[in-house]
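Hi,

Here is the structure I promised to pass on.

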Amino acid sequence: MDKSQKFETQAVRTQIPGTHAQEHATPMYLTSSFTYQDAEEMRAAFAGENDKNIYSRFSNPNTKEFVDKICLMEQAEAGYAFASGMAAVFSTFAALLSSGDHILSCRSIFGSTHTVFNKILPKWNINTTYVDINDTDSWAEAVTSNTKLLYVETPTNPGVDLVDLEWLGKFAREHSLILVVDNCFATPYLQQPITYGADLVIHSATKFIDGQGRVLGGVTVGKKALIDEIYAFSRSTGPAMSPFNAWVLSKSLETLAVRMDRHCDNALKLAQFLETHPQVNWVKYPTLPSHPHFEIAKKQMKAGGGIVAFGIKGDLETGRKFLNAIEMCSLTANLGDSRTIVTHPSSTTHAKLTEEERQLVGISPELIRVSVGLEHIDDIIKDIEQALNASV
Ligand SMILES: *Cc1c(COP(=O)(O)O)cnc(C)c1O
């Protein structure tokens, strides 16, 4: 690992040592376990006295390369890679929290993370209080003597709201909380929460890190002392990333910067177009001056990211009509793909919530979320424009 290199160089040049075959690209280490020369080497490996791999649930060369790159990109000390983003989220909480501990979380978070907070952690008497990302003045009142961990997403899903990471880092330190940021929407290319005081950063690598809708993956990086606990938990409970997925994702990181540049260019152009369309009530994109957190975006994000939210003029039925009229873009649950994805959260991903719950997390019947892909922007706009016109 070379910490003096620039982000793009690290993404391309961070590689585990090659083999006698002198291959250029890193090979796949599709092996469940590793062998030893003799009893002494094996004893030392199990005693943690050398850095030899033991078993791919613990570590694997491909996984190491992927984690090393993410650590460099996020300026983190250490990390561990998981089979999915949710494995990273759950294992991080399960490793660090005990019965009676309390979590403070922003209200608008990924759906399955919500389920972990509301239905799974309470089984072990770990409870969560939600706070409003637009009302940070109220957060201090929600901290109790048992509060141990502060969890946020910025930008949020699907509302595309932002929280000031500099403020957040100070808040977490003042209240001695472990600050965990899900940096999935921004990626380390656009924003590095650890530089503002986050203790841990979590990614669903399934999204922009893979960027092509192929494999699932997750990763948690940050302070070594915390990662040691997460590693000890994970090595025995088994949420590890497969070496095949690690190989795919490490390759994906080589192109993260160029892909994100295009995602952001396309998303900004789509957002600007939507602001001019008569069928659109409002548009949320971090680097549009009309975004309520535009100043925060300018301060902490290199660009606005690949997700645009907008309100379509009409009701739930208009949203469904819009989706039905889409021709090129995909109707699918993923995001951060090379292909543009359009979703209508209130009739799909968040349909099980009550109207009141949806309102609390900022999902109105009119909300449309676009994960802007890498097609030519003219074709993206053309499809969305014709679907808007057809939804009237
Ligand atoms: C998708 C997603 C996750 C969960 O990741 P999986 O890889 O699907 O398990 C967590 N957080 C955010 C913000 C996401 O978009």
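Let me start with glutamine 75, which sits in the loop between H3 and E1. Keep in mind throughout that this is a predicted model. Phi of glutamine 75 is near 55°, a positive value, and the residue is not a glycine. Glutamine 75 has 15 other C-beta atoms within 10 Å, so it comes out as partly exposed. You will find glutamine 22 in the loop between H1 and helix H2 (39-46). Its count is 6 C-beta neighbours inside 10 Å, and therefore glutamine 22 is classed as exposed.

Threonine 154 and proline 155 are joined by a cis bond, with omega about -5°. Another cis bond runs from asparagine 157 to proline 158, and omega is near -5° there. Proline 155 belongs to the loop between E4 and H7, and proline 158 is found in the loop between E4 and H7 as well.

Aspartate 161 is in that loop too, between strand E4 (147-153) and helix H7 (165-174). Is aspartate 161 buried or exposed? It has 24 C-beta neighbours inside 10 Å, and the cut-off for buried is 20 or more, so aspartate 161 counts as buried. Leaving out residues up to four places away in sequence, aspartate 161 touches Ser108, Ile133, Asn134, Pro155, Thr156 and His293.

Seven strands form an open sheet with mixed pairing, in the order E1-E7-E6-E5-E4-E2-E3. E1 and strand E3 (127-131) are the edge strands, each pairing on one side only. From one strand to the next, the twist averages 20°. As an example of the pairing, strand E2 (residues 102-106) runs parallel to E4, with four bridges between them. Isoleucine 103 has leucine 149 as its bridge partner in E4. Helix H9 (residues 224-237) lies across E1, strand E5 (178-182), strand E6 (200-204) and strand E7 (218-222), and it runs at about 30° to E1.

Five of its five residues are buried, so E11 is largely enclosed by the rest of the structure. Leu367, Arg369 and Ser371 point one way from the strand, while Ile368 and Val370 point the other way. E11 pairs in the antiparallel sense with strand E9 (residues 307-312), over five bridges, and valine 308 stands opposite valine 370. Strand E10 (residues 341-343) also runs antiparallel to E11, and three bridges join the two. Isoleucine 341 is bridged there to serine 371.

Next is helix H10 (residues 243-254). Twelve residues at 1.5 Å each should span 16 Å, and the end C-alpha atoms of H10 are 17 Å apart, which agrees. Nine of the twelve residues are buried, so H10 is largely enclosed by the rest of the structure. Those buried are Pro243, Asn245, Ala246, Trp247, Val248, Leu249, Ser250, Ser252 and Leu253. What covers them? The cover includes helix H1 (7-13), helix H3 (61-74), strand E1 (78-82) and helix H11 (256-275).

Last, the ligand. It is surrounded by 15 residues, the closest being Ser84, Gly85, Phe110, Ser204 and Thr206. Helix H4 (85-96) and helix H5 (111-120) are the elements that give two or more residues to this shell. By type, the shell divides into four nonpolar, eight polar and three charged residues.

Cheers

Key. Residues are numbered from 1 along each chain as its sequence is written. This is a predicted model: local features need pLDDT of at least 70, side-chain atom pairs count only at pLDDT 80 or more; totals for chains, interfaces and linings use all residues. The expected span of a helix is 1.5 Å times one less than its number of residues. Two residues are in contact if their C-beta atoms, placed from the backbone, lie within 7 Å. A residue is near a molecule or strand if its C-beta atom, placed from the backbone, lies within 6 Å of it. Ala, Val, Leu, Ile, Met, Phe, Trp, Tyr, Cys and Pro count as nonpolar, Asp, Glu, Lys and Arg as charged, and the others, Gly among them, as polar. Two strands pair if DSSP finds at least two bridges between them. Axes are lines fitted to C-alpha atoms, for helices over the stretch in contact, and angles run from 0 to 180 degrees between N-to-C directions.
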